[in-house]
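Thanks, everyone. Please have the viewer open.

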Amino acid sequence: MSPAAQPGAGAGSGPGAGAGVGPGAGAAGSAVVPVMEARGLVKRYGRVTALAGADFELQPGEILAVIGDNGAGKSTLIKALSGALVPDEGEILLDGTPVRFHSPLDARRMGIETVYQTLAVAPAMDIASNLFLGREQRRSGVLGSVFRMLDHQAMRRAAQAQLDSLGVATVQSITQVVETLSGGQRQAVAVSRAAMFGRKLVIMDEPTAALGVKESGQVLDLIRSIRDRGLPVILISHNMPHVFEVADRIHVHRLGRRAAVVRPSDHRMSEVVALMTGALRLDENGELVDAEGHHHPDLEDMD
């Protein structure tokens, strides 16, 4: 067993780990094994508890949006899932098997790719070189093994095939230097790289945050393309219209734990925002109630 796949720290399920989770939230009673699951994650920074028994579940072939107010702990959750930090308690499972990540490199070895908001591209290098950054292909024979020469032609062919398969048609040439690209094109390069090497799932942190309307639409199309190829996507976003446009389910994070998991088709955007702020919650039957437990009126009946 590789270091990245050692048994997890334990099955601890923190306080309220599964409370208030709506329909379609989990695999309880379901034969489908989640691609990624977290149980009872706890992370403390001194007296501050960033994760307070957080649960998480990503199903095969879905786009799962993760939303939450500032300070809700969603960034800490994503860092734990991507190997950027080690939780103090709880466990993470891939395909039902407990794993422990000590670094993002461990997560990458297990097939988890992350597209950070800062993109992590090399502006002075071309598109093909960026797609293979840190994973360069060497030429066969002595030229590669002894002289360590890179196979630029093979990497360019593979990079072009990857862009074509995802429908990226806005770049002029695979040899174009990344610093000459627009923000949307740079995001497309980063997303294409993640899809190229991600075997289990792709995590995307605010992929449309600094983009215009047209470029945001192109990135959302890329996310759908990745999902349609069978690779599940975790999407962290503050943009609720984008979340409702592409997400299959929405994980609502609040006060360091999972507050609800809902489907965009079942709830209005205003209701999901209310779940995020705590104005509403889901009862044990998956019904919307206010802080005092009164059922929330159906917005459609109020139109």
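Start with two helices, H6 (residues 183–197) and H7 (residues 213–228): they pack at an angle of about 10°, and their axes are 9 Å apart. H6 and H7 are therefore roughly parallel to each other. Roughly parallel here means under 35 degrees; over 145 is roughly antiparallel, 65 to 115 roughly perpendicular, and the rest oblique. Axes are lines fitted to C-alpha atoms, for helices over the stretch in contact, and angles run from 0 to 180 degrees between N-to-C directions. Helices (H or I, at least four residues) and strands (E, at least two) are DSSP runs, numbered from the N terminus.

Before going on, the ground rules. This is a predicted model, where local features need pLDDT of at least 70, side-chain atom pairs count only at pLDDT 80 or more, and totals for chains, interfaces and linings use all residues. Residues are numbered from 1 along each chain as its sequence is written, and side-chain values use heavy atoms, with hydrogens and water left out.

Back to the pair H6 and H7, packed at about 10°. Who makes the contact? From H6 come Gly 183, Gly 184, Gln 185, Gln 187, Ala 188, Val 191 and Ala 195; from H7 come Glu 215, Val 219, Leu 222 and Ile 226. Contact means heavy atoms within 4.5 Å. By class, the contact of H6 with H7 has six nonpolar residues, four polar and one charged. For those classes, Ala, Val, Leu, Ile, Met, Phe, Trp, Tyr, Cys and Pro are nonpolar, Asp, Glu, Lys and Arg are charged, and the others, Gly among them, are polar.

H6 has another helix partner. Helix H5 (residues 152–165) packs with H6 at an angle of about 100°, axes 10 Å apart. H5 and H6 are therefore roughly perpendicular to each other. Ala 158, Ala 159, Gln 162 and Leu 163 of H5 meet Ser 192, Ala 195 and Met 196 of H6. The residues of that contact divide into five nonpolar, two polar and no charged. Ala 195 is listed in the contact with H7, and Ala 195 also meets H5.

H6 also takes us to the sheet. H6 lies across S6 and strand S7 (201–205), running at about 175° to S6.

What is the strand order? It is an open sheet of six strands, S6-S7-S8-S3-S9-S10, with mixed pairing. S6 and S10 stand at the edges with a single partner strand each, so one side of each has no neighbour in the sheet. The twist averages 20° from one strand to the next. Two strands pair if DSSP finds at least two bridges between them.

Now the pairings. S3 and S8 run parallel, joined by four bridges. Val 66 stands opposite Ile 236 in S8. Strand S3 (residues 63–68) also pairs with S9, in the parallel sense, over five bridges. There, Ala 65 stands opposite Ile 250 in S9. S9 and strand S10 (residues 257–262) pair in the antiparallel sense, again over five bridges. Arg 254 has Arg 257 in S10 as its bridge partner. The hairpin of S9 and S10 has two residues between the strands, and Leu 255 in it takes a positive phi near 55°.

How covered is S9? Five of the six residues in strand S9 (residues 249–254) are buried. Buried means under 20% relative accessible area, exposed over 50%, partly exposed in between, with a 1.4 Å probe and protein chains only.

Two residues deserve a stop. Ile 234 sits in strand S8 (residues 233–236). At 0% relative accessibility, Ile 234 counts as buried. Its contacts, leaving out residues up to four places away in sequence, include Met 36, Phe 56, Leu 64, Val 66 and Ile 203.

Then Glu 113, in strand S6 (residues 112–115). Glu 113 is buried too, with a relative accessible area of 6%. With residues up to four places away set aside, Glu 113 touches Arg 108, Arg 135, Ala 194 and Phe 197, among others.

Last, the whole chain. The protein chain has 10 helices and 12 strands. Of its 303 residues, 49% are buried. Among contacts between residues at least 6 apart in sequence, 67% join residues at least 24 apart.
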